[in-house]
Amino acid sequence: MKPIIAVTCNFGFLDGDSPSKNPHPPMEFDNVSDNYIKAVENAGGIPLILPIYADEKTIREALERVDGILFTGGADVGPHHFGEFPSKNLGNVSNSRDLQEIAAARYVLNETQKPVLGICRGLQLLNIAAGGTLYQDLTENGFNNHTIDAYPRYIPSHKNKIYDDTRLKSIVKTDVLGVNSYHHQTVKDVAEGFKISAESEDGLIEALEGVDNSRFLLGVQWHPEAMQSYEEHRNIFRAFIESAENNM
């Protein structure tokens with residue numbers, strides 16, 4: 001049997017055209033990029049989109065039934081979740097999503113051995129849930145702009161140094177990895193239980209992984225789901241799904 005992977009999703013009012021051609025009052029949607037779905041499926045997993053539940057207790061029961069969880073990208077995490085007031089360049093936030101995903105992350109991290117992969121916001125969310133902090137905006141803190149949205153998602157726009165003796169290094173099998181870049185926040189203080197496994201050319205944290213090598217726990221700041229034409233990025237999903245399969 002293939003492992004079932006919970007895939008978190010965005011929550012809020014959609015920009016642009018409605019999914020329906022019929023006019024209707026504004027409403028909120030649970031939605032996620034198809035790139036995540038295809039990457040999980042192509043790696044051998046069964047993706048299951050995890051909506052935002054009305055009752056937070058439901059998330060625990062849902063996660064008990066899956067074999068791994070993918071925390072996806074999306075809106076900024078509200079800074080009140082890591083003890084800060086919002087900066088002037090904070091983007092949109094969804095407190096409903098924040099509350100559910102922080103609860104989900106803490107449950108999965110502390111009470112299970114289920115494999116976990118975090119991408120972009122997902123990396124940041126895992127770090128916050130475990131007690132870490134973020135830079136709310138990179139340019140405010142003197143770093144280069146990492147939102148390179150004029151470049152195609154499937155083509156590398158900068159390089160990351162991959163640390164030796166890490167799970168990430170064993171997966172991508174290279175010292176330097178070309179990645180895309182669509183974020184204006186990243187990890188500042190690393191949470192207990194995590195270690196750095198990659199950084200950008202200007203010294204920002206680009207990947208964290210668990211210090212406990214007995215489980216798959218990895219977060220990356222770039223979007224490997226959009227770079228599936230490169231074996232290194234496909235291997236991230238393959239390793240995740242293989243771990244989920246072994247832990248079924």
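**The second largest pocket and its surroundings**

Mentor: The second largest pocket holds about 340 Å³ of space. Its lining has 19 residues, and those closest to the pocket centre are Gly74, Cys120, Arg153, Tyr182 and His223. A pocket here is an open set of points on a 1 Å grid over the protein atoms alone, where a 1.4 Å probe fits and protein lies on both sides within 12 Å along at least five of seven lines; a lining residue has an atom within 4 Å of a point. The volume is the space filled by probe spheres set on those points, which are joined across faces, edges and corners.

Before we go on, keep in mind that this is a predicted model, in which local features need pLDDT of at least 70 and side-chain atom pairs count only at pLDDT 80 or more, while totals for chains, interfaces and linings use all residues. Residues are numbered from 1 along each chain as its sequence is written, and side-chain values use heavy atoms, with hydrogens and water left out.

By class, the lining splits into four nonpolar, 10 polar and five charged residues. Nonpolar covers Ala, Val, Leu, Ile, Met, Phe, Trp, Tyr, Cys and Pro, charged covers Asp, Glu, Lys and Arg, and the others, Gly among them, are polar. Two helices, α1 (34-42) and α4 (121-129), each give at least two residues to the lining. Helices are DSSP runs of H or I with at least four residues, strands are runs of E with at least two, and both are numbered from the N terminus.

Let's follow α4. Nine of its nine residues are buried, among them Arg121, Gln124 and Asn127; buried means under 20% relative accessible area with a 1.4 Å probe on protein chains only. After α4 comes Gly131, with a positive phi near 110°.

Cys120, one of the residues closest to the pocket centre, is buried because its relative accessible area is 7%. Cys9 counts as buried too, since its relative accessibility is 1%. The structure holds zero disulfides, a disulfide being a pair of cysteine sulfur atoms within 2.5 Å. For Cys9, the closest cysteine sulfur is that of Cys120, and at 16 Å it is too far for a bond.

Leaving aside neighbours within four places in sequence, Val32 is in contact (heavy atoms within 4.5 Å) with Val7, Thr8, Cys9, Asn10, Ile37, Ile49 and Thr72. The C-alpha atoms of Val32 and Gly73 are 8.8 Å apart, although 41 residues separate them along the chain.

Methods. Buried means under 20% relative accessible area, exposed over 50%, partly exposed in between (1.4 Å probe, protein chains only).
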